[in-house]
Each structure stands twice: as C-alpha cells, then as structure tokens.
Amino acid sequence: MPVMPLSGNHAAAYAAKLSRVEVVAAYPITPQTQIVEKLAEFIEKGELKAKFIRVESEHSAMAACIGAAAVGARAFTATSSQGLLYMSEMLWWAAGARLPIVMGIVTRALAPPWSIWSDHIDVLSQRDTGWIIAFAENAQEVLDLIIQGFKISENDRVLLPLIVAWDAFDVSHTIEPVDVPNQNVVDEFLPKRRKYRHTLDVENPFSYGNLAYPKDYMEFRYSIYDSMLRAKDVIEQCAAEYDRLTGRYSGGLIENYLCDDADIVAIAMGSISGDLKVVVDKLRKQGVKVGFCRIRYFRPFPSEALAKCIEDAKTILVFDRDISFGSEGALCLEVRATVNREGLDKRVYGIIYGIGGREVRQKDLENIIVKAYKEELNHPRKLLWLNLKHV
Amino acid sequence: MKEVLMPIAYPTKGSVGNTGLWRTLKPVINYEKCTKCFICWMYCPEAAILAEDKPVILYDFCKGCGICANECPVKAINMIKEV
C-alpha cells in the first residue's frame, strides 16, 4: 500500500476513484473544487472509467446523481456551504427514493457575511434529510470513510445516501501522508454496485415519488427511521471488514480516546479532534483524568455508544462548530438528549468554537478543560463562546 | 420492518379515475389534414393518445392540455370548447 502526500480533497478524489464511481456530477465551489477537478483529471487521463456530467448548479448535480443511482450506477458528488443549501431540495429526493449516493462536503460557513472558512452549520442544516452523515478527522479518514461510505449506503438493509464531511482548509487543503489501499483490496471490500428492486428497468417500467396519501406516507418515513437505526450495525461491520482487509481500523460510530476512567470527557467532531487528543495526553500526564469522545457519525446518532463512553464521567464538554440560534450547538443538543434518554447524571457544558474559521489553539482547549476540572465554569445554562471578541 | 419500503409505483390504466372530466378544451383531430407523423402521440404527457393506424385520442383520460394541438406540424388538431 503506497503512502502518498495528499490533501483531504485529493484523498477524497482517490477514494472515489478506488471505489470505481461511474458517474460524477458536480458544480465548483470553494473549498470543494479540487475534489472534482482531480476526478475530471483521472477521467481525462483514462485512469477512471466514469462519466463526468458538467451541470449548471448544485441542484442539478444532485438531480444527475439521483438519475444515475436510479438506473444502477455508482454516483459521487461534492459541494460546500451555499452550494449545499442550493442542492438541499434534491437531498430529500435522494434519501426518500432510497438511492445509494456518496457525497463529500468540505464544511464552510454560510453568508452573510461572506466566508470561505470552516464551520459545520452547512452540513448540520441537512440533519433531517435522511442522509447518513460522517465527519472525518483527517485526510486518511476522508479516504477511508468514502470507500466505506459506498458499502454502507449500498447495503440493502440501509439504502440511504451518505455524506462524508471534513473541515475547510484544516483538512481539505492540508497535505498529509495518506495510506492509499491497492485497487484489488478495495475491489474485494467494495464489489460492483448491484441492482435492487427499485433500480429502473425499461423492461418493467415504474416511477419514483408518486403522490402518497395520508394513509400511506407515514410508513415511508418510518422506513427511513428504521433503516437509519439498522445502519449503526452496518457502519461497525464495515469498519471491521475494512480493518481486516487494509490493516487499519478507520471507521465506526465513535472514537473513544481515554474515556473509560475519565472524570471529564470532551466531545467533538472533525479536525479539532487532533488538538483535543494532544491536550488530553498533556493533561493526563499532569494527573487530570480527562478523555475525548469523537463523534464520527452524526446521523445515525450513536447514542448507545456515546452513553457507554461517558458512563463514569461527571462533567461533559461539548465542542460545537455550529450554533442553532435561539438554542445551542447541534451536537450539544444531541448529547443532552442522550444523557437524558439514558438516565445519566452529568453536567453538560456547551462550547461554541471555530465559527467561520475562528482560530482555536491547544492552549484555549486546555484552559477550558482545566477550568472544568477545577469546577470554575459557569452554570451550563451559560453557553461558552470560545475566543469571542468584545464580550 | 424487515425490508426497505421503496416509494415506487407501477403504471396502471386510469389509476386516478377519468381525468377527462377535468377538461375544458377538447382536442379534435382533423384526419383529412393528419399526416400520421405521430408527433402528438409522442408529446402527449398523459399517454392519452394511441398510436394505431392513425393517432386516436382517449377522451376518458385526455385532460385537454393542448400540447398535441400546439406540436402538430400541420395544424390538424383543433381545441374545441367543451359544453
């Protein structure tokens, strides 16, 4: 397996190529563009046998992927921010039609004011579309989660489209050593896409998405809910099989980093995780019993795995790179729901960080954890905005 | 739920009833002008025109949208007001 220096975006392109995608339809937007530029290059050079459909908008990009997936092709696209919002209507159609599609999203803030820097609100605004949503920590995981993503999405007990998201610039444009699996290994893990009962066939015509009266509609929604829950097992199985074939465990619902005996557990998604692990290591050496739980899959939300991870902790710090105006961070809300549902007794603090690419240093993270350790944080009712000016 | 519920529908004739009742303008083919090119048959969004030895409109299902009359290259289809 060759180790290559790849940015997160180029790792995504290699992952799509190794997954032998058959249709790529995309519209350019910063900081995503490099992914589909690289894929276009692979196709031009003849290294990837796929159809690249140039479309006039993200809405059309997803519509083209829906059409491709409906006739049985493996489809891939990528977008960010405003483009994702423009595409949003079709995200519901893809999930509702139960079509396996994988999409890369480089997370980026929403305007106004205009910003091209990272923020998770674009992806999280699509929370309820019925797409499986994964957050990658680094370029290696971008590659691994996209390959696993096709297998999860195409599983006939799941049949839901899947998003792999990663942070703008911190991951998308930062070059890291990435272990790229050989094609024969990926082929063994991910066979050619199969046909399903709802794959279009000219010999046996039918249509998608007809009118469903109140007596029928609700069951379709229940079926998506049901498949989402089943996806939890499939996600874990795929991670284990990928590990067996590549020798790298790089998947699964959560990552438990020294949580088992921790009094304080930090929870986050995406690229901040690397910094949090360094801070956890440093504080552990000073005798602070702190752990880190990374949420790799936000949908389906891994409530059971998370509850187990934080079972013995007293204090939970949830780092959100998003804000739900009028409430708090989306991840924090999920954690509170889990704590409540599982009947756990914890103090849960919400922390808003890195909005629109605002810099966060390891020292900032360390200060918050130490404050929590010394029980110097304000009441959890008071949402903390990290590195906010003028307050 | 053991299996995924797929939102697909197989076509059946007249599954929403006689949609011809919705019509206010009725297309009538003037077979003396008709060249049997079947463009009307191809364009009909409701598949309410049959391609037999000549195009035949199924008035039980034709909603009277007028696309056939608009597309007809020899203007052989007239839209006539329903009573």
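Author: What follows goes through the interface and then the salt bridges of this predicted model.

Reader: What is the count of salt bridges between chain B and chain A, and what is the count of residue pairs in polar contact?

Author: These two kinds of pair are counted separately. Between chain B and chain A there are 0 salt bridges, whereas 4 residue pairs are in polar contact, with both residues at pLDDT 80 or more.

Reader: Which strands of the two chains are joined by bridges, and do they run parallel or antiparallel?

Author: Strand β9 of chain A, residues 207-208, is joined by 2 bridges to strand β1 of chain B, residues 8-9, and the two run antiparallel. Within this pairing, A:Tyr208 has B:Ile8 as its bridge partner.

Reader: How many salt bridges are found over all chains, and are A:Lys277 and A:Glu137 buried or exposed?

Author: For a salt bridge, one can look at the distance, then at the place of each partner in the chain, and then at accessibility. The whole structure holds 31 salt bridges over all chains. In one of them A:Lys277 pairs with A:Glu137, their closest N and O atoms being 3.0 Å apart. This pair links distant parts of the chain, 140 residues apart, with A:Lys277 in helix α9 and A:Glu137 in the loop between β6 and α6 of chain A. Both A:Lys277 and A:Glu137 are buried.

Reader: Where in chain B do B:Glu46 and B:Lys63 lie, and why does B:Glu46 count as partly exposed?

Author: The side chains of B:Glu46 and B:Lys63 meet in a salt bridge at 3.1 Å, N to O. B:Glu46 lies in the loop between α1 and β3 of chain B, and B:Lys63 in the loop between β4 and α2, 17 residues apart. B:Glu46 counts as partly exposed because its relative accessible area is 39%, and B:Lys63, at 29%, is also partly exposed. Elsewhere, salt bridges that share partners join A:Glu137, A:Glu141, A:Glu255, A:Lys277, A:Arg294 and A:Arg296 into one network.

Terms used
Residues numbered from 1 in each chain as written. Chains lettered and ligands numbered in written order. Predicted model: local features only at pLDDT ≥ 70, side-chain atom pairs only at ≥ 80, totals over all residues. Heavy atoms only, no water. Salt bridge = Lys/Arg side-chain N within 4 Å of Asp/Glu carboxyl O. Polar contact = N/O pair within 3.5 Å; in protein donor to acceptor, adjacent residues only side chain to side chain. Pairing = 2+ DSSP bridges. Helix = DSSP H or I, 4+ residues; strand = E, 2+ residues; numbered from the N terminus. Buried < 20%, exposed > 50% of the residue type's maximum accessible area, 1.4 Å probe, protein only.
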